[in-house]
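The sequence and structure come first.

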Amino acid sequence: MTPMMGTASDFEERMPTRRQRSSEIGWLSPLLGIAFAAFLHAQTPVAPTTEPVGISRGENVSGYNVRQSFELGYRWHSVGGDDGMYRGTVNYGNGPRLLSSSLSVNSLEGHGGLFDNIQLNTLGLGNDPYESASLRVEKNRLYRYDLLWRSDAYYNPGLTITGGEHFLDTVRHLQDHDFTLFPQGSFKLFLGYSANTQTGPALTTIQQFDVRGDEFPLFANIRRSQHEYRLGGEIRLMGIRLNVLHGWVDFKDDTPVNLAAPSAGNNPDDLNTLTSLQRSEPYHGTSPYWRVALFRESKLWAVNGRFTYVAGHRAFVDDESSVGFNRIGTPISQQVITLGNAERPAMAANLTFSLFPSAWLTLTNQTSIGNIRMVGNSFYTQGTNGSFITPFNAFTYLGIRTIANSTDADLRLTKWFAVRAGYEYSARRIRSQESTSIPSGLIEQENGLQSGLLGLRIRPIKVLSILLDTEIGRADGPIYPVSQRNYQTFRGRIEYKQKSWRVAGYSRTDYNTNSDSLANFASHSRQYGADASWTPRNWFSIDASYNKLHLDTLGAINYFAQIGGAGAPQAVTNNQSYYVSNIHTGSLAARFSLRQRVDVSVGYSHVQDVGDNRPGGIIICDPPTGVLGGCAGFLTAGTLVPTYQTFPLRYLSPQGRISVRINEKLRWNAGYQNYGYHEDFSGLQNTSQNYRAHTGYSSVLWSF
Amino acid sequence: MRYSWGMLVGGVRGALGLLLLAGFSPLWGADYVGSTVCRTCHPNIYAPFFRNPHYKSIASGSEKPENTGCESCHGPGQEHVAAGGGKATIPVAFSRLAPDKIVDACLRCHSQTLSRANIRRSEHTQRDIVCTNCHSIHSSPAPKFLLAKQQQSELCYGCHSSVRAQFSMPFKHRVNEGFIQCTDCHNPHGAFSATWNMAARPRMVDQAQGNEEPCLKCHIDKRGPFVFEHAAVRVDGCETCHSPHGSTNARLLKRPVVFTLCLECHNGFGNFGRRANGVPSPDASHNLADPRYQNCTTCHVRIHGSNSNSFFFR
């Protein structure tokens, strides 16, 4: 049969007449244009150009069609202002790069030797902070192999977290290998391996030598790794697929921590000093897991179920010795030894049953169960100046069990109108215990949550669609003040789509109130947005979007504060924390081509948190005078004054790019992107993180 | 004149179709004509089709006609050929199908994967976002999964413009840079219900090791188990404190500063917390007027969990 049909390759060999080729170009051009415009629309950093040069047909070699492309270029950047913030938010550097590459090898007849298809794509190789490579090799019906490799150079000074004392400059490598035998068969075999490593210098802190001691920055050489091995299979019996996977996850963290130089600590007024510290804390363990799933789909019904079990185990030792002076200036040497283990078996199961009694009705019921237990013990002993305290064994237990059942109905009343409704009940029980002695009674917390949802889909005409959804939930025992108790959400979306233009708008609100007899937490999140795109010609397109993200939360807080800058801290009770954020984001992108040879694109992205028009920062009380931008002289124990938080800032990023087609196989690209970050409030931790950065690249893309 | 010319072209194509049918129909079922017939009028689609994953059905040579090539998706082509073309005569023309019918058509073959086991009850399907909204079978710029756009994030941003806004924040996961994909955390085909959280949300979030939050796929050091767990992480999940898409905080916290985030839970009120008597609030040794005490994690270093100290000091 096949010879009579001819092969695609035979056919393609006869295809490329000049007229047909130009026809293909004409057919593909709008698609390329749209793809190119879409690339800009996201304001992705100026970098890899995925635009093929002309119509890359590749070359036929030994029964395979081979296509390749390489984009080689040079990146540059210059930063004025806070370089650490630039590296934390953008992090592109200087130097030559293989910005992107791709290799595609396809069997012309679908009957290759060892393989039928190879797909290889790389991004940012050379020295970009974000590098990746993906590879797929497959032979029809026999095997499929997928590899995803990624590397992330992560830099984060964390100035607003701990004043930079939890600095991180690490590299994370991720790789995932997945091999499937008989991918289209009734029986499949899975093999997999994943690795995740994180290495590099970092800073951390420790408080010594007691709970009122000072904090000292420490150097940590992060060395973490995780290796996961997977073995599984799938079999189809009587239309039901049974999928079983077993995995082994080995984790180890051997990060050594030490004091680089004697330190007086963060508080120079006290006598606390640390002259040396060495800490070794190997933390190793495994998490073997099982996953068993079954699923079946038929015309009238569908069922799927899943059961997983993860048996997490970790063993640890913490050996720490330090020398210094305590807060009253007495020499002190301290040794801490901790050892023990922690176990966390976790089970989860889902069972979903769907009925399709007619083309216009779908009924679905799902039950899920999750049960997780954490049990551990920790032997702790501490020696101070050679005198050891009585060692104690801390025992903890945390158990969380959640059972949920939901039923949804989807009713398509007419071709243009559909309604869906659902109800879910979930019950969670939390048991916990923390003890330094023999375990006694457990503390138990329960929460029941009932939620209902209603949604409408309206499509009065083919080009117009309207979606409306609302969900209301009521919980009777949320565990935290910020957890959901009485919540409601509303989502609306409207889209009008014509051939050359599209306009859409959306609105989404999430409200939650978690009231207690003494305290109140309320969260209001509202999002609005609109976006539009217009592609009147295949050589011109324009895209624009605008979003407003509003969030305000009001939460009750209690704390101690030193009033008037002197004396002992006094209790500030029933205070309120009021956080307001009004973030406007907008992007605009345009692209046009000149005689199918030069592509020019420009874009602009603007993010601005305008707060609520108050001065930015944290105002611990009103009126804002004194310490902390603060409340000295006004604050007395028990007063109810709100704590405002608003942090206006701007983050702007214009960019431009030009791409010139030199010939059918060659294209020259250049791009420029500017980043501007500006905080409109006095710097947190007395820092200023503002910066302005210029980045760019020039590259040559070669496709063949 | 144009009308006449159109009639002439239509007549020629119809005749050609009948001729092809006469030649190839005996090899196929009564209504199936085979992909080679289709390529006569659709060369631009057929020529590069050997690169398409769906070409497997043709290369196999052993599939039934209804599972082979063009007609495996578009249905038997005899009537279409006899009519000399036209969308109205294609049994399964995706541009004319109702969304649920598109799902039906694709799931004839693609229901055989665990990751798509929940597709019919997924949020996308229930909102009429179906296969062809994201996948372009004949003109995909991304050959691996036949996505309709080169970058996966672009595809998702097309509808989720609020998410695009979140990824425009100064600090974010590196989705725009292409380092991670939306599908690293989400299953667009519908995920199993999250068992680490209550209610039905989050609905489209994938799971690590079967039943854990996807954050732990990469953030391996946060998984534990720890002897002293920060219960909030296990009970309500990472989003209790973090905004995973983007934030103005360097560690993707929900607040630009740390202590207000902590104090909103650690206020001692009500029957909250593990002990049901309020989450403990800071004691008198914490002078919140001093910036030194506003960075809670300077002392409570192991905030995700500790093996040595119930206050997460080391």
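Which residue in β9(A) is the bridge partner of A:P201? The partner is A:N221.

## Basis

This is a predicted model, in which local features need pLDDT of at least 70 and side-chain atom pairs count only at pLDDT 80 or more, while totals for chains, interfaces and linings use all residues. Residues are numbered from 1 along each chain as its sequence is written, and chains are lettered from A and ligands numbered from 1 in the order in which they are written.

## Chain A overall

Chain A has 5 helices and 33 strands; these are DSSP runs numbered from the N terminus, with helices (H or I) of at least four residues and strands (E) of at least two. Of its 704 residues, 40% are buried, where buried requires 20 or more other C-beta atoms within 10 Å of the residue's own, with C-beta atoms placed from the backbone.

Among contacts in chain A between residues at least 6 apart in sequence, 60% join residues at least 24 apart. A contact here has the C-beta atoms, placed from the backbone, within 7 Å.

## Pairing around β9(A)

Strands pair if DSSP finds at least two bridges between them. β9(A) (residues 214-237) runs antiparallel to β8(A) (residues 187-208), joined by 22 bridges. The two strands form a hairpin with 5 residues between them.

β9(A) also pairs in the antiparallel sense with β10(A) (residues 240-253), over 14 bridges; here A:G232 stands opposite A:L245. This hairpin has 2 residues between its strands, and A:M238 in the turn has a positive phi of about 50°. A further antiparallel pairing, over 2 bridges, links β9(A) to β11(A) (residues 257-258), with A:A220 opposite A:V257.

## Contact between the chains

Chain A supplies 172 residues to the contact and chain B 121. On the chain A side, the largest share is 11 residues from β17(A) (residues 361-384). That side has 68 nonpolar, 72 polar and 32 charged residues. The classes are nonpolar (Ala, Val, Leu, Ile, Met, Phe, Trp, Tyr, Cys and Pro), charged (Asp, Glu, Lys and Arg) and polar (the others, Gly among them).

## Nonpolar cores

A nonpolar core is a set of buried Ala, Val, Leu, Ile, Met, Phe, Trp, Tyr and Cys residues joined through C-beta atoms within 7 Å. The largest has 52 residues; those touching the most other members include A:Y480, A:Y559, B:F259 and B:L288. Elements giving two or more residues to this core include β17 and β26 (540-561) of chain A and α13 (231-235) of chain B. The most, 6 residues, come from α14(B). Apart from this core lies another of 37 residues, including A:L549, A:Y677, B:M169 and B:A194.

Definitions and conventions. Contact = placed C-beta atoms within 7 Å. Buried ≥ 20, exposed ≤ 12 C-beta atoms within 10 Å, placed from the backbone.
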